[in-house]
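Q: Could we go through this model together? I would like to start with the terms and then move to the details.

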Amino acid sequence: MAKAIKIHETGGPEVMRWEDFDPGQPATGEALVRHEAVGLNFIDVYHRTGTYPLPSLPAIPGMEGAGIVEAVGEGVTDIAAGDRVAYAGLPPGAYAQVRLIPAHRLVKLPDAISTQQGAAMMLQGMTARYLLRGCYAVKAGDRILIHAAAGGVGLIVCQWANHLGATVIGTVGSEEKAELARAHGCHHTILYNEEDFDDQTREITDGKGVDVVYDSVGQATFMKSLDCLRPMGMMVSFGQSSGLVPPFDPGLLSAKGALFLTRPTLMVYTAKREDLLAHARDLFEVVQSGAVKIEIQQTYPLSEAARAHQDLEARQTTGSTILIPD
């Protein structure tokens, strides 16, 4: 009998239980994947707490994984048993030793990318791809501000944007994280616990502001992030680790310089298979070229997912974290 992390109710990390789990056999259009690694992401916390409700309970959380295809159902032609694959996005269910998943959500991994790297990069890396090429097309000479620059998405964005020729400004919570961000292409780091990041951003840009802000923090940073933008700049709010952004009058965007605001999700940007494959292809290219390095900073046994969540929420992690099925 396989094992999985299940939640029977929403709440703190303690609601996750390591239980027996039988995924069954693949139906038409499905694949059975045995995980070699599972990605840890803040959206898993949102599902566990109920901030983003899961379809039903009990449920197996987790939006990202990589492993080997053990079997496929009828009608599956792009994926075959024995393939090394990775995925990110709906439906949840990654916190398991083995799972069923719609085969059209799977992407074959290039030989040069390990399954552990695949589980560490798909969700965060494809998020970076739509941030930098979908929400706002970053180009040489642009100035960007990325919050949580030493986080999983942050480190990838710093490297990728630097590769594109942008000036990268990042907020971090400690000097240790600042060093990590700088080592990954962040040109200017701001310690948000010690400095007003909006004032510092204006100083760095000689009062002009940045072209785009990437904000996954939410409540604690949203309003000041608007003050960091140039006229007609783009505010990308793609998470709320500090809490939900309260309602506000959209006239504020006009008052602060005719700003643009978007609230994207990876699931929308990769809903069509051709878009999923395009995001994965671009990600694989920058990783295999060496422009973006995927470094796994923390590893936990899958059975200890609760401890991983505690560390993630306490901001004790940096970069990418994976869970290893045990």
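Predicted model: local features only at pLDDT ≥ 70, side-chain atom pairs only at ≥ 80, totals over all residues.

Q: Which other residue has a positive phi of about 55 degrees although it is not a glycine?
A: Ala148 does. Ala148 lies in the loop between β8 (143–146) and α3 (152–164), and it counts as partly exposed because its relative accessibility is 32%. For context, most residues other than glycine have a negative phi, and most peptide bonds are trans.

Q: Then which residues does a cis peptide bond join?
A: Leu57 and Pro58 are joined by a cis peptide bond, with omega about 0 degrees. The peptide bond from Leu90 to Pro91 is also cis, with omega near 0 degrees. Pro58 lies in the loop between α1 (42–49) and β4 (64–72), whereas Pro91 lies in the loop between β5 (84–88) and β6 (98–102).

Q: Let me change topic. How many helices and strands has the chain?
A: The chain has 10 helices and 15 strands. Helices (H or I, at least four residues) and strands (E, at least two) are DSSP runs, numbered from the N terminus.

Q: What about its overall dimensions?
A: The C-alpha atoms fill a box of roughly 60 × 40 × 35 Å, taken along the principal axes. With 326 residues, a compact globule would have a radius of gyration near 20 Å, and the chain agrees because it has 20 Å. That radius is taken over C-alpha atoms, and the globule rule is 2.2 Å times the number of residues to the power 0.38.

Q: How much of the chain counts as buried?
A: Of the 326 residues, 53% count as buried.

Q: And what share of the contacts joins residues at least 24 apart?
A: Among contacts between residues at least 6 apart in sequence, 68% join residues at least 24 apart. Contact means heavy atoms within 4.5 Å.

Q: Which residues have the most contacts inside the largest nonpolar core?
A: They are Met122, Leu131, Ile144, Val157 and Tyr214, in a core of 57 residues. Helix α2 (residues 115–135) gives the most to this core, with 11 residues. Apart from this core lies another, of 31 residues, among them Val33, Val45, Val85 and Ile101. A nonpolar core is a set of buried Ala, Val, Leu, Ile, Met, Phe, Trp, Tyr and Cys residues joined through side-chain atoms within 4.5 Å. In soluble globular proteins, nonpolar side chains tend to be buried together.

Q: Which residues does Val157 touch?
A: Not counting residues up to four places away in sequence, Val157 touches Ala128, Leu131, Leu132, Ile144, Ile146, Asn162 and Tyr214.

Q: Now Ile7: why does it count as buried?
A: Ile7 counts as buried because its relative accessibility is 0%. Its place is in strand β1 (residues 2–7). Beyond four places in sequence, Ile7 touches Val15, Met16, His47, Arg48, Leu54, Leu57, Pro58 and Ala59. Leu57 and Pro58 in that list are the pair joined by a cis peptide bond.

Q: Is Leu226 buried or exposed?
A: Leu226 is buried, with a relative accessible area of 1%. It lies in helix α6 (residues 222–226). Leaving out residues up to four places away in sequence, Leu226 touches Met235, Leu252, Leu253, Lys256 and Leu259.

Q: Finally, where is the place of Ile324?
A: Ile324 is in strand β15 (residues 320–324), and it counts as partly exposed because its relative accessibility is 23%. Leaving aside neighbours within four places in sequence, Ile324 is in contact with Glu36, Ala37, Gln116, Thr299, Tyr300, Pro301 and Leu302.

Definitions and conventions
Residues numbered from 1 in each chain as written. Heavy atoms only, no water. Buried < 20%, exposed > 50% of the residue type's maximum accessible area, 1.4 Å probe, protein only.
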